[in-house]
Amino acid sequence: MREALKKNTIKNSVIIFLICIAVHAVEVIFIRTDETVFAECFINKVFGIILLFILLPMAGLKWREIGFKKESFVIDCLKGMGICVLFYAIAFTVEFAVLNAQGTPGHLEFYVTGFSLTGSEAKYTGIGFVLMCIGFNIINVWMEEGLFRGFYITYISRERSENTALWTAAILFGIWHLVTPIRSLIDGDMTIAMFFVMSFGYVILSAVMGIKWGLLYQMSGTVWIGVADHFFNNCVVTNLLHVVTNGGSDELQIVRVMIGELTSFAAVLVYYKIRKVMRI
């Protein structure tokens, strides 16, 4: 097995991905951990972390070689948090402006809920739920940044170019997010037409986010910037901080996420291009 992992890196990456997404699908579609008191699908993420502990020595890699470097933890996490705060400040400003223009002004509320393509209804309060949300999101970003950025990009780059590694990891990350709309289709929350539209948009947006975090990993050599941005995006912006109006909550959440992610992606891409031209 060790020898097999030394070549055919893209093929091996796809096989690893298929194993992970199978566990992901079983949890989301059948176990539905996010519909329990935990309010989060975390089993597949724990599985992915355990798999990384197994794969790294087999592939001849160490955690620091896939970006988990202790010495840059604090400063890079601050950078990632700064990216999220800056561009989601823009997104929230636009959201409030649109709501005011529609005659339905909103305000911010702090409580725990899950992300839903069709509108989340579950609402949890209390410090225990907040702590669980934070804990599960740490597990989530550890697994996703560790696997899709740290491992895949480092591993695939052994045989292929950095661009090929970046795009392969981003595409797999996009497909990873197909499980959520598939469940919505099965549950009857979406029509087939809605499913294709939402799936296409969700996969593309997730792939774009994967490219952004991948570029941050390639430029910095650590996963911490992406980990922090990813964590605050999921935990604070999506799960904890909500825009509430008289008509409901988070009606424009998808728009908020698109604005926040696309503007931050554009900024990271421009910085990457400038850095490349100036050879910084």
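I175 touches F17, I21 and V203, where a touch or contact means heavy atoms within 4.5 Å and residues up to four places away in sequence are not counted. I175 is found in helix α5 (residues 162–176); helices (H or I, at least four residues) and strands (E, at least two) are DSSP runs, numbered from the N terminus. This is a predicted model, in which local features need pLDDT of at least 70 and side-chain atom pairs count only at pLDDT 80 or more, while totals for chains, interfaces and linings use all residues. Residues are numbered from 1 along each chain as its sequence is written, and side-chain values use heavy atoms, with hydrogens and water left out.

- At 32% relative accessibility, I175 counts as partly exposed; buried means under 20% relative accessible area, exposed over 50%, and partly exposed in between (1.4 Å probe, protein chains only).
- I175 and Y202 are separated by 27 residues in sequence, and their C-alpha atoms lie 9.1 Å apart.
- K212 belongs to helix α7 (residues 192–220).
- K212 is buried, at a relative accessible area of 1%.
- The contacts of K212, leaving aside neighbours within four places in sequence, are D229, E261, S264, F265 and V268.

**Overall fold**

- The protein chain has nine helices and three strands.
- Along the sequence, these elements follow the pattern α-α-α-β-α-α-α-α-α-β-β-α.
- The radius of gyration of the protein chain is 19 Å, close to the 19 Å from the globule rule for 280 residues, so the chain is as compact as a globular protein of that length. This radius is taken over C-alpha atoms, and the globule rule is 2.2 Å times the number of residues to the power 0.38.
- Taken along the principal axes, the box filled by the C-alpha atoms is roughly 60 × 45 × 40 Å.
- Of contacts between residues at least 6 apart in sequence, 78% join residues at least 24 apart.

**Sheet**

- The three strands form an open sheet, ordered β1-β2-β3, with antiparallel pairing; two strands pair if DSSP finds at least two bridges between them.
- β1 (107–110) and β3 (248–249) are the edge strands, each with a single partner strand, so one side of each has no neighbour in the sheet.
- β1 and β2 (residues 241–245) run antiparallel and are joined by four bridges.
- F110 stands opposite L241 in β2.

**Surface and charge**

- Buried residues account for 48% of the 280 residues in the protein chain.
- The protein chain exposes about 13,600 Å², and carbon and sulfur atoms supply 70% of that area. Accessible areas come from the Shrake-Rupley method with a 1.4 Å probe; for residues, only the protein chains shown count as cover.
- There are 22 positive and 21 negative charges, with mean positions 14 Å apart. Lys and Arg count as positive and Asp and Glu as negative, while His and the chain ends are not counted; each charge is placed at NZ of Lys, CZ of Arg, CG of Asp or CD of Glu.

**Positive phi values**

- Most residues other than glycine have a negative phi.
- N8 has a positive phi, near 55°, and lies in the segment before α1 (9–31).
- N8 counts as partly exposed, at 41% relative accessibility.
- D250 also has a positive phi, near 55°, and is found in the loop between β3 and α9 (253–278).
- D250 is buried, with a relative accessible area of 12%.
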